[in-house]
Amino acid sequence: MGTQSLCQAADCLKDRHSGAQQVRTAAPGLRLCAVCRDRLRDNLRSLPDLYANCGAELTPSRPGLTERVSSGRSRQGIRLNEAALEARGDLLPVLASWAGVVVAERHVAGPRRREVGPLAAFLRLHLDWLAAHPAAADCVAEIRRVTNMARAAVLPRPVVHQELGPCPVDDCGEEVRARLRTDDPAATHVLRCGAGHVVPPHQWLLLSGRTA
């Protein structure tokens, strides 16, 4: 009886406690185990929506950074989600590259459009061929990388709460808290107390004095 080969995906399986690799056995005729093969399929299936969501992150939906100009007036700048921009920039070339491998080596027609949706669907159509290819591990790693980049770019922005002192509204006494976005210290913040009173910017120094 011949020995079974192991899955070639670099991140096939890690022990949760020791971090050591515990690689699964490759599926018959493939260089990937069934789990890594299905993970590749699922990542390819998710990429069109992730690509679109990264695009939505680049569409201005709120005022950007305020910049001072020589006249003393201010103007609105554009704040880009650089992670979303980078994810979109990497995603399409990676899919196109692997589609090119399939077209060249299988002698089949590729997608009519060089777009994420058709490219991802094309690669899913040839999934088992890719999973049996000598470069299967590279395919898994590259698709996983761009998928993780895109997912990270569209995750909800991290927010922390900071207590700034008692509310300046007479007879309130509730603590004023700031919601601070840790990924964008320059973003506009809203200061609000536990009772719902919004503290306008001209009273922020007053809060500073109360907490001193």
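Modeller: Before we start, a cavity here is a set of grid points where a 1.4 Å probe fits but cannot get out, and please keep in mind that this is a predicted model.

Colleague: Which residues line the largest cavity?

Modeller: The lining is made by Asp11, Cys36, Arg39, Leu40, Asn43, Val140, Ile143 and Arg144. Sorted by class, four of the lining residues are nonpolar, one is polar and three are charged.

Colleague: And which helices each supply at least two residues of that lining?

Modeller: Those helices are α1 and α5, and the largest share, four residues, comes from α1.

Colleague: Let's step back a bit. How many helices and strands does the chain have?

Modeller: There are six helices and six strands in the chain, and if you read along the sequence they follow the pattern α-β-β-α-α-α-α-β-β-β-β-α. The chain has 212 residues, of which 30% count as buried, and it exposes about 13300 Å², with carbon and sulfur atoms supplying 52% of that area.

Colleague: Which residues in α2 are buried, and what do they pack against?

Modeller: The buried residues in α2 are Ala84, Ala87, Leu91, Leu92, Val94, Leu95, Ala96, Trp98, Ala99 and Val102, and the buried residues of this helix pack against α1 (34–57), α3 (116–125), α4 (127–132) and α5 (136–153).

Colleague: Then how does α5 look, and which of its residues are buried?

Modeller: Helix α5 has 18 residues and reaches 26 Å from its first C-alpha to its last, close to the 26 Å expected at 1.5 Å a residue. Its buried residues are Ala136, Cys139, Val140, Ile143, Val146, Thr147, Met149, Ala150 and Ala153, and the buried residues of α5 pack against α1, α2 and α4. Val140 and Ile143 are also among the residues that line the largest cavity.

Colleague: Switching topic, where is His107?

Modeller: You will find His107 in the loop between α2 and α3, just after α2, where it takes a positive phi of about 60 degrees although it is not a glycine. Most residues other than glycine have a negative phi.

Colleague: Is His107 buried or exposed?

Modeller: His107 counts as exposed because its relative accessibility is 70%, and the cut-off for exposed is over 50%.

Colleague: And His126, buried or exposed?

Modeller: His126 has a relative accessible area of 9%, so it is buried, the cut-off for buried being under 20%. His126 is placed in the loop between α3 and α4, and, leaving aside its neighbours within four places in sequence, His126 is in contact with Val102, Arg106 and Val108.

Note on methods: Residues are numbered from 1 along each chain as its sequence is written. This is a predicted model: local features need pLDDT of at least 70, side-chain atom pairs count only at pLDDT 80 or more; totals for chains, interfaces and linings use all residues. Side-chain values use heavy atoms; hydrogens and water are left out. Buried means under 20% relative accessible area, exposed over 50%, partly exposed in between (1.4 Å probe, protein chains only). Accessible areas come from the Shrake-Rupley method with a 1.4 Å probe; for residues, only the protein chains shown count as cover. Contact means heavy atoms within 4.5 Å. On a 1 Å grid over the protein atoms alone, a cavity is a set of points where a 1.4 Å probe fits but cannot get out, and a pocket is an open set with protein on both sides within 12 Å along at least five of seven lines; lining residues have an atom within 4 Å of a point. Ala, Val, Leu, Ile, Met, Phe, Trp, Tyr, Cys and Pro count as nonpolar, Asp, Glu, Lys and Arg as charged, and the others, Gly among them, as polar. The expected span of a helix is 1.5 Å times one less than its number of residues.
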